[in-house]
Amino acid sequence: MELTSVMIIGIDSAENMTYTGIISGSLADIYSIYERFAGIFQKRGVNPPFHWRKISRKVKDSSMKVIIEAINSSRLKINVFEHKRLPNAERKVVFYELLPQHICLRLLPWTKELTGNLTIEVDDDYRIKGKFNITKAFAKSLVENMCFQLIGMRVDSRDESDTIKATIKLKKGILNIYGKVMRSDNSKAIQMVDIILGYFIHYQCRDFSRSHVHHWKIFKN
């Protein structure tokens, strides 16, 4: 079925960039489930914006079941990529080329049905050696890899401030793709995937429905 509403992809990293979490869905669904998250956490005295590392263990424990239920009953999809550094491969190669290819490949069954506007919101925390910020280059690679996988040819993106833009023509219509570098405070999607990654990694939570949360181990040594 063709999807023409505004669509969102939120991306966040965890554990020193050895995990990347992706949440995808319509803007309406992102906002709807975010409001459920807000209700769950505010009931326990935690107000938005939400950050996993700033939430107490007590709140995380008591919220886990209802957070999982919110995701499992939603129309959102989450992909968790567990990526170790390739032997003899620089981290720049992984994050400029290899990881974007893997991400776009897994999202392809969903993105190929889209028309209209798709915004990729990337948390501004992708750094090499803690200093060299590569988030914008990572976002640019995501946009251009997505275009290539959708139409089979390279498309040069346009760089405007913290937003990367590309437009492609598909059989079903026009798809505008925007890659945005964002602070998590300003992105509901990034905040949500941050919380989901926290439960998935630190609680080793496997109660998320497999139809909603997919775990991929890539770059195995």
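Start with helices α2 and α5: their crossing is left-handed. Left-handed means that the near helix is turned anticlockwise from the far one by less than a right angle, and right-handed means clockwise. The model is predicted, so local features need pLDDT of at least 70 and side-chain atom pairs count only at pLDDT 80 or more, while totals for chains, interfaces and linings use all residues. Residues are numbered from 1 along each chain as its sequence is written, and side-chain values use heavy atoms, with hydrogens and water left out.

**Stop 1: α2 against α5**

Select residues 57-72 for α2 and 188-202 for α5. Helices (H or I, at least four residues) and strands (E, at least two) are DSSP runs, numbered from the N terminus. The two axes come within 11 Å and cross at roughly 110 degrees. Axes are lines fitted to C-alpha atoms, for helices over the stretch in contact, and angles run from 0 to 180 degrees between N-to-C directions. The pair α2 and α5 is therefore roughly perpendicular. Cut-offs: under 35 degrees is roughly parallel, over 145 roughly antiparallel, 65 to 115 roughly perpendicular, and the rest oblique.

Now show the side chains. From α2, pick Val 59, Lys 60, Ser 63, Met 64, Ile 67 and Ile 71. From α5, pick Ile 195, Ile 196 and Tyr 199. These make the contact, meaning heavy atoms within 4.5 Å. The contact of α2 with α5 has seven nonpolar residues, one polar and one charged. Here Ala, Val, Leu, Ile, Met, Phe, Trp, Tyr, Cys and Pro count as nonpolar, Asp, Glu, Lys and Arg as charged, and the others, Gly among them, as polar.

**Stop 2: α1 against α5**

The crossing of α1 and α5 is left-handed. On α1, select Ile 30, Tyr 31, Ile 33, Tyr 34, Glu 35, Phe 37 and Phe 41. On α5, select Lys 188, Ala 189, Gln 191, Met 192, Ile 195 and Ile 196. By class, the contact of α1 with α5 holds ten nonpolar, one polar and two charged residues.

**Stop 3: α3 against α4**

Select α3 (residues 91-111) and α4 (residues 135-151). Their axes come within 8 Å and cross at roughly 45 degrees. So α3 and α4 are oblique to each other, and their crossing is right-handed. Residues of α3 in this contact include Phe 95, Leu 99, Ile 103, Cys 104 and Leu 107. Among those of α4 are Ala 137, Phe 138, Leu 142 and Met 146. The contact of α3 with α4 counts 14 nonpolar, five polar and one charged residues.

**Stop 4: the cysteines**

How many disulfides does a search of the whole structure find? It finds zero, a disulfide being a pair of cysteine sulfur atoms within 2.5 Å. For Cys 104, the nearest cysteine sulfur is that of Cys 147, 8.8 Å away. Cys 104 is buried at 2% relative accessibility, and Cys 147 is buried at 0%. Buried means under 20% relative accessible area, exposed over 50%, and partly exposed in between (1.4 Å probe, protein chains only).

**Stop 5: two tyrosines**

Go to Tyr 19, in strand β2 (residues 19-26). Tyr 19 is buried, at 13% relative accessible area. Its contacts beyond four places in sequence include Asp 12, Val 80, Phe 81, His 83 and Ile 201. Trp 216 is 197 residues away along the chain, yet the C-alpha atoms of Tyr 19 and Trp 216 are separated by 9.8 Å.

Next, pick Tyr 203, in the loop between α5 and β10 (213-218). Tyr 203 is buried as well, at 17%. Beyond four places in sequence, Tyr 203 contacts Trp 52, Arg 57, Lys 60, Asp 61, Met 64 and Gly 198. Tyr 203 and Lys 60 lie 143 residues apart in sequence and 9.5 Å apart C-alpha to C-alpha.

**Stop 6: backbone checks**

Most residues other than glycine have a negative phi, and most peptide bonds are trans. Select the bond from Pro 48 to Pro 49: this peptide bond is cis, with omega near 0 degrees. Pro 49 sits in the loop between α1 and α2.

Finish in the loop between β1 (7-14) and β2, at Glu 15. Phi of Glu 15 is near 55 degrees, a positive value. Glu 15 is partly exposed, at 39%. Asn 16, in the loop between β1 and β2, has a positive phi of about 55 degrees. Asn 16 is exposed, at 63%.
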